[in-house]
Amino acid sequence: MKQPNVILVITDDQGYGDLGCTGSPWMKTPNIDRFYGESLRLRDFHVSPLCTPTRGAIMTGHHPVRNGAWATCWGRSILRRDEVTMADVFAASGYRTGMFGKWHLGDNYPYRPMDRGFQHVVAHKGGGVGQTPDFWGNNYFDDTYFHNGQPVAHEGYCTDVWFAEATKFIEANRDRPFFAYIATNAPHAPFLVAEQYLRMYEGNPGIPNAAFCGMVTNIDENFGRLEARLGELGIADNTILIFMTDNGSDGGLVVGEGERIVKGYNAGMRGKKGSYYDGGHRVPFFIRWPNGCIGGGRDISEMAFHVDLLPTFIDLCGLKAPEGVVFDGISLAGLIHGSEAALPDRTQFLQYRQDTVPPQKWTNAVVTKQWRLVRGVELYNIKADPGQENDVAAEHPDVVARLRAAHERWWEEISPRLEEYSPISLGNDAENPTLLDAMDVMGDMAFSQNYIVLAKKSTGKWTVDVEQPGAYRFSLRRWPKEVGLPISAAISPEEARTITFADGSGRCATIQPSRARLRLFDREWVLPVDPDAVEVTFGLDLTQTGVTVLEAWFLDADGEERGAYYVYVERV
C-alpha cells in the first residue's frame with residue numbers, strides 16, 4: 001500500500017472548549033464538528049501550556065526542557081541544532097515536506113523551518129504575525145510572508161493564506177507521499193478578523209471576545225475547504241488528517257482567583273493558556289485515516305502527549321526511525337489501530353518557563369492517568385475531580401512523594417543543559433546577511449509579547465557562532481530596513497500598522513544616541529552616531545571564529561545605554 005499523506009493542522013491559543021463539538025454553546029465550527037464525528041478522538045491529550053514548547057515537542061518527540069525551546073523569546077525559543085525534527089524524518093523517507101504559518105522555533109540559520117527538514121515553507125517570523133522579527137507592517141491582512149526565507153507580498157487574511165498555500169503544495173504533490181504542517185497563528189492575539197466573522201458573535205454576553213470566536217470560525221471554513229479539496233483530488237482516503245491546538249484557550253476565557261473560569265466555556269476545566277491546571281494543557285486531538293481504518297467517531301480515553309506524535313507517525317507511515325534518538329514519547333499506533341487496549345501508566349512532566357532564566361524545578365505539572373501534581377505541592381485526583389477543585393495532597397502524601405521523586409530523577413537527567421543557548425550562525429552562506437532582532441536577545445525582557453512595540457529596552461546581546469573568518473559588516477538599527485527610518489525617529493501605530501505599544505503612549509519610544517558600541521570576542525569598538533542616520537555600520541576583519549556573545553548598543557549623551565533592536569550582519 002502506498003504510504004499515507006499526512007496533514008497536521010494546529011491552531012494557536014485555541015483551547016479544548018473552543019469548538020462546537022467539544023461543547024461550546026456558541027462556537028460555529030460545523031466543518032470541524034463534522035470531522036470530529038468521522039475521527040478517532042484522543043480525549044485526554046496533553047501539550048505544553050505555551051506555544052513554542054508545544055511546537056518543539058511535536059517536532060522532536062522531546063520535552064521542551066530537553067530540546068531547548070522552553071520559552072517564547074529571549075533566545076529560549078530556538079530548537080537545538082542537534083535535534084532531529086519530524087520534517088527531517090519524513091524527508092528521509094522520501095516524503096515531500098511543507099510548512100505553512102507559524103514556526104516559532106528559530107528565525108535564523110540553522111533553525112529556520114527550511115533548515116529543519118521542510119522543503120517548502122510559507123511562514124511569518126517570530127511568535128505571531130507582526131511581532132518584532134516579522135516583516136514590518138504585517139497585521140493579518142495583505143501581509144508579506146517568507147517563502148523559504150524570501151519575502152513575498154500576499155493578498156488576503158493570514159489564515160486564508162496559510163490554507164491556500166498548503167493546498168497548492170498538496171495539489172503539486174498529490175501523486176507522491178507528502179507531509180503538510182499547517183500551523184495557523186490564529187486565534188492568537190491580536191484579535192483581528194473580517195467584519196463578517198465578528199458580527200457572528202457580537203452582543204453575546206457569555207463570550208469574552210467576539211473577534212477570537214470569529215477567528216475560530218474562519219479557521220473552520222478553511223478546514224472545510226481543505227477537506228473538500230482532498231476529496232476532489234481523490235486522496236482523502238489515504239491521508240492522515242489531524243486537527244489539534246497548541247495549548248489552552250487565551251481569548252476564549254477569563255479567569256479569576258485561583259485560575260478558575262469566570263467567563264467563557266472550558267469544558268469544566270480549571271486554567272487557561274499558561275496554566276499547569278488541565279485547562280492550560282489538555283487540548284482537542286482528532287485524527288482520521290480511512291485507508292488505515294482510523295476514524296468512525298471513536299473515543300480513546302487513554303492519556304497521550306505531544307511527544308508521542310513523532311514516534312506514532314514513524315509507525316503509522318513506515319518511516320525510518322532516526323538513528324540514536326530516544327524519544328520522550330511513545331508510539332500510539334497500536335492504541336489507534338485497536339491492537340492495544342491501553343497504554344502504560346506513564347509519569348510525564350509538562351514544564352516551561354516564560355522567562356530568560358532556565359525553569360525552576362517545580363514550575364510544572366507532573367501528570368499520570370489518575371493524578372496531577374501542580375508545582376510540586378498541589379495534588380488532584382483527576383478521575384474524581386476533573387475540575388481540580390480539591391487539593392488532596394494532605395490525604396495522599398505517598399502519592400506526592402512518589403511523583404516528586406519521579407520528577408527529581410527527571411530533573412537530574414535534563415538539568416545539565418538548561419543553561420545552554422542555541423547560537424545563531426554568522427557568516428554561513430545559507431543565510432548571509434543575518435538579521436538579529438530584539439526577540440532573541442539574551443537577558444532581561446526586552447521584547448513585549450505584543451506586536452513590534454519596541455518601546456522597552458533591548459539588552460543588545462545575542463549568542464552567536466561566527467562560522468568563518470573574514471570581513472564583516474555589522475549594521476546597528478532602531479528600525480528594520482524595510483522601514484528606512486532614522487535611528488532617532490518615532491512612529492505611531494497608524495504609521496506602523498501595529499496594534500499595541502508597550503509604553504501606552506501611542507508611539508514607540510524614541511532614542512537619541514550619540515555613540516554606538518559593538519563588542520565581540522572580548523574586543524570592543526565605538527563609533528559616533530549621526531542623528532539622521534538609519535544605521536551605524538562597523539566594518540570588522542574577524543580572524544577568530546566560534547561561539548561568543550555579540551553586544552550591540554546605542555549610547556545617549558548622558559551615557560545611558562540601550563541595546564540595538566536590529567543588527568544586520570554580513571560577511572563580505
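Author: Let's start with a term. On a 1 Å grid over the protein atoms alone, a cavity is a set of points where a 1.4 Å probe fits but cannot get out. Grid points are joined across faces, edges and corners, and a volume is the space filled by probe spheres set on the points. This is a predicted model: local features need pLDDT of at least 70, side-chain atom pairs count only at pLDDT 80 or more, and totals for chains, interfaces and linings use all residues. Residues are numbered from 1 along each chain as its sequence is written, and side-chain values use heavy atoms, with hydrogens and water left out.

Reader: OK, what volume does the largest cavity have?
Author: About 50 Å³. The count is six cavities of 30 Å³ or more.

Reader: Which residues line the largest one?
Author: Among them are Gly 75, Ile 78, Tyr 421, Asp 440 and Trp 462. A lining residue has an atom within 4 Å of a point. The lining divides into five nonpolar, three polar and one charged. Here Ala, Val, Leu, Ile, Met, Phe, Trp, Tyr, Cys and Pro count as nonpolar, Asp, Glu, Lys and Arg as charged, and the others, Gly among them, as polar.

Reader: And the largest pocket, what is its volume?
Author: About 630 Å³. Of the 32 residues that line this pocket, the closest to its centre are Lys 125, Phe 146, Gly 149, Pro 151 and Glu 431. A pocket is an open set of points with protein on both sides within 12 Å along at least five of seven lines. By class, the pocket lining has 16 nonpolar, nine polar and seven charged residues.

Reader: Switching topic. How many helices and strands?
Author: The chain has 12 helices and 27 strands. Both are DSSP runs, numbered from the N terminus: helices are H or I with at least four residues, strands are E with at least two.

Reader: How much of the chain is buried?
Author: Of the 572 residues, 63% count as buried. Buried means under 20% relative accessible area, exposed over 50%, partly exposed in between (1.4 Å probe, protein chains only).

Reader: Last one: where is Val 325?
Author: Val 325 sits in the loop between helix H9 (309-317) and helix H10 (333-337).

Reader: Is Val 325 exposed, buried or partly exposed, and what does it touch?
Author: Val 325 is partly exposed, with a relative accessible area of 25%. Leaving aside neighbours within four places in sequence, Val 325 is in contact (heavy atoms within 4.5 Å) with His 62 and Val 84.
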